[in-house]
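User: I am new to this structure and would like to learn how to read its features one at a time. Could you take me through it slowly, giving the general idea before each case?

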Amino acid sequence: MPIVYRNRVFTLSGGDISYVLHVNEDGKLMNLYWGKRVPDHAVHPELSDYPGFASFDLPVYWLPSELPTLGQGWYGTPAVDVLNAQGDHVVDLRVTEHRIIPGKKGLPGLPAVYTEEDGEACSLEIDLADPLTGLAVTLQYAVFEASGAITRSMRIINAGPDPLSLRGALAASVPLWGSDYDVLHLKGSWARERTPVRTPLGQGKYEIGSQRGASGHEENPFLALCGKGAGEHSGEVWGVSLVYSGSFLAGASTDNAGNSRLYMGMNPQVFSWLLQPGESFQTPEAVLVYSSRGLNGMSRIYHRLYRTRLARGFWRDRPRPVLINNWEGTYFDFDEEKLYRIARDGKELGVELFVMDDGWFGRRNSDNCSLGDWTANPSKLPRGLAGLSDRIHGLDMLFGIWMEPEMISPDSDLFRAHPDWCLHVPGRARTEERNQLILDLTRKEVREYVTEAVSSVLRESRADYLKWDMNRNMTEYFSPALPPEQRMESQHRYMLGLYEILEEITRNFPHVLFESCSGGGGRFDPGMLYYMPQTWTSDNTDAVSRLGIQYGTSIVYPISAMGAHVSAVPNHQCRRTTSMEMRGDVALCGGAFGFELDVTSLSPEEKEQARGVIARAKELRGLVQQGIFRRLLSPFGARYAAWQFVREDGKQALICIYRILSEANMPPVRVKMHGLDPAATYRDETGKLYSGASLMYLGFSACIPGDFGSCVMLLEKVE
Ligand code: DGJ
């Protein structure tokens, strides 16, 4: 049984992981343990006692609370922060009831991991109450039986007679013994997304987050603590990932008893919520993963869970079509004929999906106008969306289209008709970014407009694919439609509005492949993955930069969730020139593969190379998108990068080694593989045979001459 309750102790166990809670004599909920699996009754409550300690601090500060709150001796970041009608924020929550329930429920209005059968997971709900104010909390947990991934969220209820003001709500706050950890997070910017940063936790507080109204390029809603010796393949790691796409706060802290805490949830800088009597607030869901097999062990759990039980729909398990996108090929300078020629030449090379990017609507010939005016520009598309779409479909290709539905250009018919439809503060300038403002999705009529605008484009174009872009962060992030005492709810209400729109559109267009995008990977998060099975990883398409971006992204996200394209050289972001082979080998191992260049301008020789890359991508996409991925050599500050894939049945493996800068007079690189059958024999594409043991313990060796080279080798298990 994945959840057992005895002697006031809850033990949640799955895979190789246990999470143990205890209701102490005061009715307070303590976290006794989160780590490698232990037998059901092996963790005793005394483990959390400090027998006879003398301290200036009250015990509550040192005890491993599962739900720390303010006002009674806890001085850290509270899991629930509520200002009550008396004007204080003392919160005293004690356990009243609990329920153990098979399966896992969804969260109303929010993305969440799910089960397909009840037996996959078991849920626990623990009710707590503060009798003085009537504040009540239901903690919601689910443990996935096979992997041990644990989801945690909470519902905060005002069961009292007076309004309450919720000022902070964490999805998870977990104590960990000791403080000898490194913090790991994914830092970035536009075109440099998700660089892993690992740094000693130290003695204090390490916080990351976003106030941008999007998860953002700068930080990802993920934080891990790593045991000191933990590496890619061994050691202990505790990860927290938030299934949310808006602003967030994440942190790791140490207390003066030398213990630590890992937490993540709503960002109180840009969030508060008024709870009238009888109302409740649901936090997003955190996904907690412990690994005793290093970072790759943690990633494997996230990958499988997010690929199969967070992503949804028709395309979840299907091979993603090889696409060609015209953005870097034409930018705004195109018409139907130009696009048709790109699609036709792409088709000849093996491309399956043509995507028309930004610039097809209104008067949009640069980024300074027309967002909101979602009708085709007749000077570019004289036969409208349907005319182009018919011609693309006539090539026996799928047709895809770009939209940025959450935005409004001040120079647009939509803005002229509805100048109040954007987020703004009356009396203040509306800060523009990329010449655009953000629609106020807290408003029902705006949500209805967006849903209808997208639906009518999808209907008219009969599109098979939609790239849903979002190219700025929030400023003046308030809805004037909300009363002043609720304006701080605007950012979260915006996210709920966006999720409502996405739910409706993805339900109504179940066969459309949706790709999320935000200036590349500015909203690459588990929340968007629930609605869209792939995300444009970065606007940086340079093969060498992509090694780092894809490597960092893979710490949490499955390879199938990443979009990766071959673009022209010199690369538009870095001005670096790499071979077609290198660009292909990086992109085809980066998930949803495509091209992003004017294929009509390629030489016959380049076209032949592109044809080879596309054939290779099709041959390998099953393994890349569904296989078990492991990082082998980090590209950061290194001369090589490497990763591998193994098919779930173990019959195929793919080793991918990339040479960054070359060095004179050095032997071939040798890379040890993992997860193979040591007793089996493997044959590579040249016919060479290897024992699994030699690939794992001696390594696969490759000689890659010159700068920016690659070796992607398929290994078949010989029966
Ligand atoms: C940002 C995206 O990341 C690009 O791929 C492209 O779609 C542009 N927006 C278009 O404006």
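**Reading the features**

Analyst: A polar contact is a pair of N or O atoms within 3.5 Å; within protein, one must be able to donate a hydrogen and the other to accept it, and residues adjacent in sequence count only if both atoms are side-chain atoms. Here the side chain of Asn296 reaches the backbone nitrogen of Arg631 at 2.8 Å. This is a predicted model, in which local features need pLDDT of at least 70 and side-chain atom pairs count only at pLDDT 80 or more, while totals for chains, interfaces and linings use all residues. Residues are numbered from 1 along each chain as its sequence is written, and side-chain values use heavy atoms, with hydrogens and water left out.

User: Where is Asn296 found, and is Asn296 buried or exposed?

Analyst: Helices (H or I, at least four residues) and strands (E, at least two) are DSSP runs, numbered from the N terminus; Asn296 belongs to helix 2, which covers residues 294-309. Buried means under 20% relative accessible area, exposed over 50%, and partly exposed in between, with a 1.4 Å probe and protein chains only, so Asn296, at 0% relative accessibility, counts as buried.

User: Which residues does Asn296 touch, not counting residues up to four places away in sequence?

Analyst: Contact means heavy atoms within 4.5 Å. With residues up to four places away in sequence not counted, Asn296 touches Glu232, His233, Phe629, Arg630 and Arg631.

User: How many residues of helix 10 are buried?

Analyst: Eleven of the eleven residues of helix 10 (residues 543-553) are buried, so this helix is largely enclosed by the rest of the structure. Among the buried residues are Ala543, Arg546, Gln550 and Thr553.

User: How is the protein divided into domains?

Analyst: Domain bounds come from an automatic or database domain assignment. That assignment gives domain 1 (3-309), domain 2 (323-404 + 444-468 + 507-625) and domain 3 (640-717). The C-alpha centres of domain 2 and domain 3 lie 31 Å apart, and the contact between them takes 19 residues from domain 2 and 21 residues from domain 3.

User: What does sequence separation look like beside distance in space for Leu466 and Trp402?

Analyst: Leu466 and Trp402 are 64 residues apart in sequence and 5.8 Å apart in space, C-alpha to C-alpha. Leu466 lies in strand 26 (residues 465-468) and is buried, because its relative accessible area is 0%. Beyond its neighbours within four places in sequence, Leu466 is in contact with residues including Ile401, Trp402, Val454 and Phe514. By contrast, Ala417 and Pro196 are 221 residues apart in sequence and 45 Å apart in space, C-alpha to C-alpha.

User: How many residues surround the ligand, and which are the closest?

Analyst: A residue is near a molecule if one of its heavy atoms lies within 4 Å of it. The ligand is surrounded by 13 residues, of which the closest are Asp357, Asp358, Lys467, Asp469 and Asp539. A polar side-chain atom of Trp402 lies 3.1 Å from an oxygen atom of the ligand, and one of Asp469 lies 2.7 Å from a nitrogen atom of the ligand. An N or O atom in the side chain of Asp539 is 2.4 Å from an oxygen atom of the ligand.

User: How much of the ligand does the protein bury?

Analyst: Accessible areas come from the Shrake-Rupley method with a 1.4 Å probe, and for residues only the protein chains shown count as cover. Taken alone, the ligand exposes 290 Å², and the protein buries 98% of that.

User: Where is Arg462 found, and what is its phi?

Analyst: Arg462 is found in the loop between helix 7 (444-461) and strand 26. Arg462 has a positive phi of about 45 degrees although it is not a glycine.
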